[in-house]
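Subject: Structure for you to look at

Hello,

I am handing over the structure that I have been going through, and below it I have written down what was found. Please keep the model open while you read, so that you can follow each part in it.

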Amino acid sequence: MSALNRNILALREMSADEIQLILDQAQEMKEILSRPIKKVPTLRGKSVVTLFFENSTRTRMSFEMAAKTLSADVTGFAASTSSVAKGESLKDTILTLNAMKADAFVIRHSASGAAHFIARHTSARVINAGDGTHEHPTQGLLDMLTIRQHKGTLRGLTVAIVGDIAHSRVARSNVWGLTKMGAKVRLVGPRTLLPADVEQLPVEVHTDLRRGVSGCDVVNVLRIQMERQDAGLFPSVREYAQTFGVNRSVLREAKPDVLVMHPGPMNRGIEITPDVADGEFSVVTEQVTNGVAVRMALLYLLLGGSNDASGH
C-alpha cells in the first residue's frame, strides 16, 4: 500500500502516520482472531517464508499464525537443517529463496543489519523479526497496540523500560516507536546494562529502579539475558533481582493503573516476581494476542490484500 514502506525494517525509519496506519489495521485484524473460525481469504495465493537464524517461539509462531489466518502459504526455514550448515552465505541463501518467487520474507538473525542486507538482495517484501541488538519492530508495534487499547492513546504517557537495555532490540524499537507517537520513555537499569549511545537516544536515563518507575503509566520489563552473565555485567543474579527486579513494592511508585509488560520469555523471580507477572496489572498474554494481530496487519498492508480485510 502506498502509505507504507515496502519493507518493515526498523521503527526508527517509520513515520508516526505509518505507525498509526499499522495500529489501526491491527485493531481491525484483532476482530478476526475473536471469531469461531479464524480464517479469511485475504492473502490467498501469496507466499511467506519465515527465515529464523535464531531460536524463537512467540515471534515465529505468531507470524505463521498471522499468515495462515489470512490464507497465505507459509514455508518455514531452519538454518540448522539448511545449506547454511554447510557454509552457504546469507546472500546466496537469499538469492536462492528469491528465485523461488516468495512474496515476503520474515527474517530473524543474530547480526545487526541483516534485515536491511536481505532487503537489498530480494524483490520480495522483508519484515525484520529481530536483528542482533538493532531492532525488533513488530514487538515495538504490538507493545504500542497493547498500551493504546488500555490507555486510549500513546501521547503524553510515560513508559519505563527496565532491565538489560544494552543488548535489547526490543528496547530500541520501543524507544523509537513510542517517542514518535508522543510518549515519554525512561530507560532504567544498571549503568553496565545501558547502551553506549544512550545519551543520543530521546530518553530519560535512571539507574535507580524506584525513581525510574515513579509516576509511570507503563513498566515494560526486559529479560535478563542469562547467556551474558559470564561477561560480569552485574555481580550476581540474586543481587540483580534485589536491586532491579520488579515486584509489588516497586509498582507502588508507579501510577495506580500502571500496565506491566514483558516481551518474553520471562525469568520469573529475577527481573519480575511471579505475582506481578500474573497479577492484575499484567498484560503479558494480551501482548501475545496483539502480536498476531500486528503481524496480520503488516502482511496485509505489504502484500496488498483485498480491500475487505474482514473477509466478508
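H109 stands opposite D131, which belongs to β4, and the two strands concerned, β3 (residues 104–109) and β4, pair in the parallel sense over 5 bridges. Here two strands are said to pair if DSSP finds at least two bridges between them, while helices (H or I, at least four residues) and strands (E, at least two) are DSSP runs numbered from the N terminus.

Before going further, please note that this is a predicted model, in which local features need pLDDT of at least 70 and side-chain atom pairs count only at pLDDT 80 or more, whereas totals for chains, interfaces and linings use all residues. Residues are numbered from 1 along each chain as its sequence is written, and side-chain values use heavy atoms, with hydrogens and water left out.

The strands β3 and β4 belong to an open sheet of 4 strands, in the order β2-β1-β3-β4 and with parallel pairing. At its edges stand β2 (73–78) and β4 (125–131), each of which has a single partner strand, so one side of each is left without a neighbour in the sheet. Neighbouring strands of this sheet are turned by 15° against each other on average, direction ignored. Helix α3 (residues 90–99) lies across β1 (47–52), β2 and β3, and runs at about 160° to β3; for such angles, axes are lines fitted to C-alpha atoms, for helices over the stretch in contact, and the values run from 0 to 180 degrees between N-to-C directions.

There is also an open sheet of 5 strands, again with parallel pairing, in the order β7-β6-β5-β8-β9. In this sheet β7 (204–206) and β9 (259–261) are at the edges with a single partner strand each, so one side of each is left without a neighbour. The twist from one strand to the next averages 20°. Within the sheet, β5 (residues 158–162) and β8 (residues 218–221) pair in the parallel sense over 4 bridges, and V162 stands opposite V221 in β8. Helix α5 (residues 137–151) packs on this sheet and touches β5, β8 and β9, where contact means heavy atoms within 4.5 Å.

Which residues touch the most other members of the largest nonpolar core? Of its 63 residues, these are L141, M144, I147, I161, L187 and L299. Such a core is a set of buried Ala, Val, Leu, Ile, Met, Phe, Trp, Tyr and Cys residues joined through side-chain atoms within 4.5 Å, and buried means under 20% relative accessible area, exposed over 50% and partly exposed in between (1.4 Å probe, protein chains only). Helix α11 (residues 284–303) gives the largest share of this core, 11 residues. A second, separate core of 23 residues includes V221, V250, V260 and A277.

Helix α2 (residues 58–69) and α11 pack at an angle of about 55°, with their axes 8 Å apart. The residues making this contact include F63 and A66 of α2, together with V292 and L299 of α11. V292, which lies in helix α11, is buried, with a relative accessible area of 8%. Leaving aside neighbours within four places in sequence, V292 is in contact with L33, S62, M65 and A66.

Best wishes
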